[in-house]
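Colleague: Please take one close look at where the two chains meet. Then follow the elements involved back into each chain.

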Amino acid sequence: MPSLDDLKKRIKSVKSTQKITKAMKMVAAAKLRKAQESAEKGRPYSQKMQNIILNLTKSINDPQSAPKLLVGTGEDKKYLCVVLTADRGLCGGFNSNICKLAKTNFKKILGEGKELNIITVGSKGYDQIKREYGKYIIKRFSFKDKKNISFNEADEVGKEIISLFNQNKFDKCIIFYNNFKNVITQIPQAQQIIPAETKNLKESNDENFLYEFEPEEDEILEDLLPKNISTQVFKALLENAASEQGSRMTAMDNATRNAGDLVDKLTIDYNRSRQASITKELIEIISGAESL
Amino acid sequence: MSDKFTVEIISPDQTILKQQTNEVIIPSFEGQMGILSNHIPLITFLRPGIITIKAEGEKKYYVEEGTVEFSNNNLLILTLTARDIAHLDKSKINKLLQKAEANLNTQSTDKDRYLASYKLETLKEISQ
């Protein structure tokens, strides 16, 4: 049985932890609104860009002459995986979920005897992955000191991916990130960006416009595809930022509630043992008086 | 048949503009291009220049690059760098101008040189 003093200290410390988690929840909630807004604002750009690329792809008849970024190298040997995570912890299963998904994929790729390269964005992902797959990591980014993610950061990652592609370092590129569905649900996702996944895009817009291209399709694609890579990375970063805050908010909310429960339990314990010691003292006094 | 169509300018972090208009002039890669409603479907990309939107009154945007799609009377401009000229102040323009001048001679390919020279020209035009 812990002493009264110990219990008192314990209660105090749990209470101050609760204060911290509560504050973190509030901060996350405020940041979430902002992040969610920018994720939503960013969606049209990437969607429309996908649409244009889809339309362009339709009009290319000869896949041989199409740019490699679109159709791939035709091989399936070397993989580049880009794992996007947060730079900060204390956000529930956010980082682990991405890493778990990524690791299953790594296992599969390696199991098939293919070559694997990894780029990590965000320091938490690097920490989790380096233990098992450290030797495959060829580059890591961290935007810890940046308050808001802008397109420049995404462009930095995108350029790196493209330059690796041009050096023939990989055939396929997959990015891992959390898709922000709502505050409680974030879905870890693997998205293949090179070669562009055109089949999965909606084939619903059947109106096959005959587009006028100026200059030629190839030239437009060459200009557009590298931009698209950066755009996809940017979209993933924005979704990730919103997911991170959402995930942190739920995690901190749970922590606050748990701390509250713990305080209640400890208070009952404290009161009980206080009462016990009072009773004990009374009994001592009474039995002392009786023996006189 | 109305002679108006929708124009949208979208950058990665926001939708800069969405409105009805009569005519838009864009600096396409191969030259200035005027677009009226019921233009045939078109995809092209931009060089540095000025987008002019003619509705009631004129709006001008400075762009450095971008991709343009026109279909179903909807003009879509995707760009990283659209700036409303009315909100660009002199010092900012001059800064960009100096940068562009410094950049002009360091370009290696013909295409880059072509783009850089247009950038410089456009900026000079704005600064006057």
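Modeller: The contact takes 23 residues from chain A and 21 residues from chain B; two residues count as in contact if their C-beta atoms, placed from the backbone, lie within 7 Å. The model is predicted, so local features need pLDDT of at least 70 and side-chain atom pairs pLDDT 80 or more, while totals for chains, interfaces and linings use all residues. Residues are numbered from 1 along each chain as its sequence is written, with chains lettered from A and ligands numbered from 1 in the order in which they are written.

Start with the side of chain A that touches chain B. α1 (4-59), β6 (212-214) and α6 of chain A each supply at least two of its residues. Helices (H or I, at least four residues) and strands (E, at least two) are DSSP runs, numbered from the N terminus. α1(A) gives the most, with ten residues. By class, this side of chain A has 14 nonpolar, four polar and five charged residues. Nonpolar covers Ala, Val, Leu, Ile, Met, Phe, Trp, Tyr, Cys and Pro; charged covers Asp, Glu, Lys and Arg; the others, Gly among them, are polar.

Three bridges join β6(A) to strand β5 (residues 42-46) of chain B, and the two run parallel. Pairing here needs at least two DSSP bridges. In this pair, A:E214 faces B:T44 of β5(B).

Now follow α6(A), residues 217-291, into chain A. Helix α5(A), residues 151-166, packs against α6(A) at an angle of about 130 degrees, with the axes 8 Å apart. Axes are lines fitted to C-alpha atoms, for helices over the stretch in contact, and angles run from 0 to 180 degrees between N-to-C directions. The two helices are therefore oblique to each other. The cut-offs are under 35 degrees for roughly parallel, over 145 for roughly antiparallel, 65 to 115 for roughly perpendicular, and oblique for the rest. α5(A) passes α6(A) in a right-handed crossing: right-handed if the near helix is turned clockwise from the far one by less than a right angle, left-handed if anticlockwise. α5(A) brings A:F151, A:E153, A:A154, A:D155, A:V157, A:G158, A:I161 and A:I162 to this contact, and α6(A) brings A:P226, A:I229, A:S230, A:V233, A:F234 and A:L237. Ten of the contact residues are nonpolar, two are polar and two are charged.

Five bridges join β1(A), residues 78-84, to β4(A), residues 172-180, in parallel. A:C81 has A:I174 in β4(A) as its bridge partner.

β4(A) and β5(A) are antiparallel, with eight bridges. A hairpin of five residues joins β4(A) to β5(A). Within the pair, A:C173 stands opposite A:I194 in β5(A). A:I194 is also joined to A:P195 by a cis peptide bond, with omega about -10 degrees. A:P195 sits in the loop between β5 and β6 of chain A.

Turn to chain B, which is divided into domain 1 (5-84) and domain 2 (88-127). These bounds come from an automatic or database domain assignment. The C-alpha centres of the two domains lie 21 Å apart. Seven residues of domain 1 of chain B are in contact with six residues of domain 2 of chain B. On the domain 1 side, three are nonpolar, one is polar and three are charged.

Helices α1(B), residues 90-104, and α2(B), residues 110-127, cross at roughly 155 degrees, and their axes come within 9 Å. α1(B) and α2(B) are therefore roughly antiparallel. α1(B) passes α2(B) in a left-handed crossing. The contact includes B:L96, B:L97 and B:A100 of α1(B), and B:A116, B:L120 and B:L123 of α2(B). Its residues divide into nine nonpolar, four polar and three charged.
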